[in-house]
Amino acid sequence: MVVLSQPVALDNHTSAIPTYKPVPVLTSQSIPVVDLTDPEAKTLIVKACEEFGFFKVVNHGVRPDLMTRLEQEAVGFFALPQSLKNQAGPPEPYGYGSKRIGPNGDVGWIEYILLNANPQLSSPKTSTIFRQTPQIFREAVEEYMKEVKEVTCKVLEMVAEGLGIEPRDSLSKMVRDEKSDSCLRMNHYPTEEEEVEQMVKVGFGEHTDPQIISVLRSNNAAGLQICMKDGRWVAVPPDHSSLFINVGDALQVMTNGRFKSVKHRVLADTRRSRVSMIYFGGPPLSQKIAPLPCLVPKQEDSLYKEFTWSQYKSSAYKSKLGDYRLGLFEKQPLLTHRSNV
């Protein structure tokens, strides 16, 4: 993506948003699909996390009517006058944001809401969002987060089983913790009145997710792409009835690199709006993140330094979207010196 050296005022200027000339992108029909009711689901999940860092989940248990209702309510919020939406922003980090992605100059053809998943914590910006929307919106958000959290924990428990990690809740308990730093993000990639010929706007530039895993649901608009191990970008066919799972940076560290945090992006089709809802399963701020001892019996085989989620979150917040954030926490190979005696 285009790197901007300085933040740009975007209230009346959208020319700073990066664009691409359309290039052929493989549309993958081989994205792993896991049925959570399948007895072999844990094995399929581990294989997908190793090979792709990404997979689709069916029979996940989240009610279709709930997903549809939350999408409709989110669309209602994004349809409000800009002056009302701006009262809930800029995000700090929760609240409403438009075109700016983070504090370091990244921009995209997007507006979004970021909400804390912990009901015990609130912020003035999120309170403003709910004041400007019907009560049904708050209810849909809370119900959706509750159900998708269960999917998140179920997947993590299957990961633990598939990798032989004990106890079974070693990963999921971080998300279930009452101090879990999880969040829900709702993205809207709007249509545009004037179509830009032969150019595609960047909705959300290439990046990895820093948390343990993220769970995505979107409408039937295309745009999501993942980066394969060989560097090719693959378009993910949309499916509004399914959920998509991304391996996050924290899980890459805990598996000592066995799972890869997948790099992904969204290219906006400005002729058709896209709405996505992403639940980020995060650990408590004080949680120590390091390769799990059962996966790395010898300390010298550990690829990463130990850090807390708070430290990593702070570091990620200071970086640009496409930066390789884990580089700061990788162990450098030890140099052995031979002495001539």
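Visitor: Leaving aside its neighbours within four places in sequence, which residues is Ser-302 in contact with?
Guide: This is a predicted model. In it, Ser-302 is in contact with Asn-256, Pro-291, Val-296 and Lys-331, once neighbours within four places in sequence are set aside.

Visitor: Where is Ser-302 found?
Guide: Ser-302 lies in the loop between β15 (288-289) and β16 (307-308).

Visitor: Does Ser-302 count as buried or exposed, and why?
Guide: Ser-302 counts as buried because its relative accessibility is 8%, and the cut-off for buried is under 20%.

Visitor: What does the side chain of Ser-302 reach?
Guide: The side chain of Ser-302 reaches the backbone oxygen of Tyr-304, at 3.1 Å.

Visitor: Another serine, then. What is the place of Ser-172?
Guide: Ser-172 belongs to helix α6, which covers residues 172-176. Ser-172 is buried, since its relative accessible area is 0%.

Visitor: With which side chain does the side chain of Ser-172 make a polar contact?
Guide: The partner is the side chain of Glu-157, at 2.9 Å. Beyond neighbours within four places in sequence, Ser-172 is in contact with Cys-153, Leu-156 and Glu-157.

Visitor: And how far apart are Ser-172 and Ala-160?
Guide: Ser-172 and Ala-160 are 12 residues apart in sequence, and their C-alpha atoms are 8.8 Å apart in space.

Visitor: On to helix packing. At what angle do the axes of α1 and α5 cross?
Guide: The axes of α1 (residues 41-51) and α5 (residues 135-163) cross at roughly 90 degrees and come within 8 Å. Helix α1 is therefore roughly perpendicular to α5.

Visitor: Which residues meet there?
Guide: From α1, Ala-41, Lys-42, Ile-45 and Val-46 meet Val-155, Met-158, Val-159, Glu-161, Gly-162 and Leu-163 of α5.

Visitor: How many residues does α2 have, and which of its residues are buried?
Guide: Helix α2 (residues 64-78) has 15 residues and reaches 21 Å from first C-alpha to last, close to the 21 Å expected. Its buried residues are Leu-66, Met-67, Arg-69, Leu-70, Glu-71, Glu-73, Ala-74, Phe-77 and Phe-78.

Visitor: Finally, what is the mean pLDDT of the chain?
Guide: The mean is 89, with 88% of residues at 70 or more. Over residues 1-13 the pLDDT is below 50, and this stretch has 23 contacts in the model beyond near neighbours in sequence. Where pLDDT is low, the predicted coordinates should not be read in detail.

Methods. Residues are numbered from 1 along each chain as its sequence is written. This is a predicted model: local features need pLDDT of at least 70, side-chain atom pairs count only at pLDDT 80 or more; totals for chains, interfaces and linings use all residues. Side-chain values use heavy atoms; hydrogens and water are left out. Helices (H or I, at least four residues) and strands (E, at least two) are DSSP runs, numbered from the N terminus. The expected span of a helix is 1.5 Å times one less than its number of residues. Buried means under 20% relative accessible area, exposed over 50%, partly exposed in between (1.4 Å probe, protein chains only). pLDDT is the predictor's confidence in each residue, from 0 to 100. Contact means heavy atoms within 4.5 Å. A polar contact is a pair of N or O atoms within 3.5 Å; within protein, one must be able to donate a hydrogen and the other to accept it, and residues adjacent in sequence count only if both atoms are side-chain atoms. Axes are lines fitted to C-alpha atoms, for helices over the stretch in contact, and angles run from 0 to 180 degrees between N-to-C directions. Angles under 35 degrees count as roughly parallel, over 145 as roughly antiparallel, 65 to 115 as roughly perpendicular and the rest as oblique.
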